[in-house]
Amino acid sequence: MRAASLEQAATRPVADAVLPREAWEPRAAAHADRADALTAVWREARDRGAKHAIEDFLFTYYPTRVSHLRRWHPGPGVVLAGAAEHAGLRWYREVTTPGGAEPADAAPGATLDVDAFLADRGDTVRYVRALVSATAARPGTFGCFGLHEWAMVYRDRTAGRDHRHPLPLRLGHEGTDAVVESHRIGCSHFDAYRFFTPEAADRNQLRPTRERQPAMEQPGCLHAGMDLYKWALKLGPAVPGDLLLDAFELARDIRYTDMAAAPYDVSSYGVEAVPIETPDGKAEYVRRQRAFTARGQVLRARLVDVCDLLLAGAAEA
């Protein structure tokens, strides 16, 4: 079910709606406050000059800045009255909005320049729509148990490599290797599979590639759920602010489970392990995986709506 909001309404093919400044300015401020709350843990670590083994991923693998998350956009089809400052942002254009009873009272406003955006990002819009809609149409797979993280450190000590994180391994090197060897690995996500150690790669039952990603991605994959944040970032100011932060929040929540179910000891971050090497741990992982999948499917539908509105504007032109 999709929640109805004015921001989400902007992702439907309707005529431009005009938001007066007194309507959109509080919304932009609330958006910035929400972004600050969602990034508070990471910013506190950054300000101390410390690494955060869980949340750093959200700002390195998905390169963005807190300032980008804090900036609210209404999405396509919305004119922001009295927002001359937005007209200077990339892919915005200035428009004139009614300011009073007389024509002379007209005030500058701004709206997303869909034509300019598609000229630069049209291929991205079409790719994101194809990938996200194809992923949404497939049934989820719920038997991977997060073993991709274990496969990324498999036989590291034997090969003389350092494991990927400074965190200690919860079961040690030999115990970690034993978990990999006692399970079937079925990772469908290329951007996880490409970090498998050489010794683990052949243990994967699937052979995901970048070219086959649109044909292999499935909604039960935790990394596919985190990547919804990446696709929202790729669509830039075309994505309404609440959708961007919903995608970031889902990615952050998934990341904590991804690391809790990984071979690393995350207790120093106050996070309890999800021991996927046990029946109870597997059951807990699948429970969370299904909940994340449900949230991800809602976001996929909303991202497709954004893409369709952008492409419909191009077709009408």
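Trainee: In what order do the four strands of the open sheet stand, and what is the pairing?

Mentor: In this predicted model, the order across the open sheet is β1-β2-β4-β3, and the pairing is mixed.

Trainee: In what sense do β1 and β2 pair?

Mentor: Parallel, over three bridges, with β2 covering residues 78–81. Valine 18 stands opposite valine 79 in β2.

Trainee: Which helix lies across β1 and β2?

Mentor: Helix α2, residues 21–38, which runs at about 75 degrees to β1. To check its length, take 1.5 Å a residue: the 18 residues should span 26 Å, and the end C-alpha atoms are 25 Å apart, which agrees.

Trainee: How do I read the sides of a helix?

Mentor: An α-helix has 3.6 residues a turn, so residues three or four places apart point the same way. In α2 the buried residues are Trp24, Ala28, His31, Ala32, Ala35 and Leu38. They cover an arc of only 125 degrees around the axis, which puts them on the same side of α2.

Trainee: Which residues on the other side of α2 are exposed?

Mentor: Glu22, Asp33 and Ala37 are exposed there.

Trainee: What covers the buried residues of α2?

Mentor: The cover includes both β1 and β2, along with the helices α3 (40–47), α5 (66–70) and α13 (241–260).

Terms used: Residues numbered from 1 in each chain as written. Predicted model: local features only at pLDDT ≥ 70, side-chain atom pairs only at ≥ 80, totals over all residues. Heavy atoms only, no water. Pairing = 2+ DSSP bridges. Helix = DSSP H or I, 4+ residues; strand = E, 2+ residues; numbered from the N terminus. Contact = heavy atoms within 4.5 Å. Axes fitted to C-alpha atoms, helices over the stretch in contact; angles between N-to-C directions. Expected span 1.5 Å × (residues − 1). Buried < 20%, exposed > 50% of the residue type's maximum accessible area, 1.4 Å probe, protein only. Arc of directions from axis to C-beta.
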